[in-house]
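Let's take this structure one label at a time and ask what backs each one up. Here is the sequence with its model.

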Amino acid sequence: MARRYGPYFDPEYETLSIRINPPRVSVDNVSCKECTLVKVDSVNRPGILLEVVQILTDLDLVITKAYISSDGGWFMDVFHVTDQHGKKVTDSSTIGHIEKALGPEGYTSGILKTWPGRRVGVNSVGDYTTIELIGSDRPGLLSEISAVLANLHFNVAAAEVWTHNRRTACVLYVNDNCSSLDVDEESRLCVMEEQLNNILRGCEDDESGAHATFTVGSTHVDRRLHQMFFADRDYEGGCLEMEIEYPPNFKPEVRIESCVEKGYSVVNVSCKDRPKLMFDIVCTLTDMQYAVFHATISSDGPYASQEYFIRHMDGCTLESEEEKEKVVKCLEAAIRRRISEGFSLELCAKDRVGLLSEVTRVLRENGLSVTRAGVTTIGEKAKNVFYVRDASGNPVEMKTIERLREEIGQTMMLNVKKVPTSAKVPETGGLAKISFFFGGLLERFRT
């Protein structure tokens, strides 16, 4: 019998086009006085815009403006970025990382695929067990979760916790407190899962799929939280949580129009500017299977205005009102998930087992509810950031903050900041549509 052979596929074929036409990255500190220009030219492929924005935001860079074009199989972006203090990016290691991650080495070595977005000490993410939790939010929930993990002798090396529409989602990286390695004992994992599920389902009215799961892989943690909330359909409940009082023109507004001439749907977003806003919007569009062909991003003082020319991955535009309404709700939810009110508490201490449990217990005992939290360890140092508000819905009193300083400040560094929920509206009267920015750029791609 004649031997038959199947087709052979070279494992390096996926990166062939990138190796033939390697990405070109330029970090320019000369052309603009106020900011650094990051220019990326590359072969276009699905998800590339999200990957680029992800790298920049993970470096804590602020994107003040951006011009995106990816028609004709080529991806050309210009980002205006600053550091957290509004200054140019001059640190050589940061510039080097941008050039490496976005250049040819980043695409062919898999840096963009494995970048976790969360630092977990000196070990790799592979030394940790990843836990994903989602369920109804309530005061003291994070304290209960961290107490269970401490009692089971698990150390929380890193975590990110978000709340939205009375739901909470969190991703935790834990390891064994003795070996500092991930946990592969089935019995211990089963006990942990059972106890965490009991806590998440503690609300008698929670019938909406609260659960704890263990995951493998290296999805960016912020993107994974967006995905968890999207799967949980948090965007359908309207704004059930305590409404933040937005000044005029600061409330998130999403509009969808049609560009019939070029066959695009145009998404316009107007809201108060904040860090990682572009990431949250691009992440949501990408995970909803929409491709961004052109975009213009601009911030004017406290305002942000973003415009995206999109199509579905199958090439179709948004035709039905139901689909448009869903996109509007999902983008509004993505914007709101990072909006916090009340106070932010930044704590820095030597890392130890039970530290997160101890801190969250003190917050709960002082009547504070955690709306968002980030836990990071670098070496032996732990840095925890909590966004808190009064559990009863009233403004947080300064005497409560002083009690926290007395209880926590003795053993760790504590920095308290008031999170602004409103701002004076500029006399210009608000946001103007930014379509005129893009008009000239679009003309270049007319066929």
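Q: In what order do the strands of the open sheet come, and is the pairing parallel or antiparallel?
A: This is a predicted model, and in it eight strands line up as 8-5-7-6-14-15-13-16, with antiparallel pairing.

Q: What makes strand 8 and strand 16 the edge strands?
A: Strand 8 (211-215) and strand 16 (413-419) each pair on one side only. The twist from one strand to the next averages 20°.

Q: How do you know that strand 5 and strand 8 pair?
A: Pairing takes at least two bridges. Strand 5 (residues 129-136) and strand 8 are joined by five bridges, so they count as paired, and they run antiparallel. Across from Thr213 in strand 8 you'll find Glu132.

Q: Which strands does helix 6 lie across?
A: Helix 6 (residues 141-151) lies across strands 5, 6, 7, 14 and 15, and runs at about 160° to strand 6.

Q: At what angle do helix 9 and helix 10 pack, and what is the handedness of their crossing?
A: Helix 9 (residues 277-287) and helix 10 (residues 321-336) pack at about 145°, with axes 9 Å apart. Their crossing is right-handed. On the helix 9 side, the contact is made by Leu277, Asp280, Ile281, Thr284 and Leu285; helix 10 brings Val327, Cys330, Leu331, Ala334 and Ile335.

Q: How do the residues of that contact divide into nonpolar, polar and charged?
A: Eight are nonpolar, one is polar and one is charged. Asp counts as charged, so Asp280 of helix 9 is the charged one.

Methods: Residues are numbered from 1 along each chain as its sequence is written. This is a predicted model: local features need pLDDT of at least 70, side-chain atom pairs count only at pLDDT 80 or more; totals for chains, interfaces and linings use all residues. Side-chain values use heavy atoms; hydrogens and water are left out. Axes are lines fitted to C-alpha atoms, for helices over the stretch in contact, and angles run from 0 to 180 degrees between N-to-C directions. Helices (H or I, at least four residues) and strands (E, at least two) are DSSP runs, numbered from the N terminus. A crossing is left-handed if the near helix is turned anticlockwise from the far one by less than a right angle, and right-handed if clockwise. Contact means heavy atoms within 4.5 Å.
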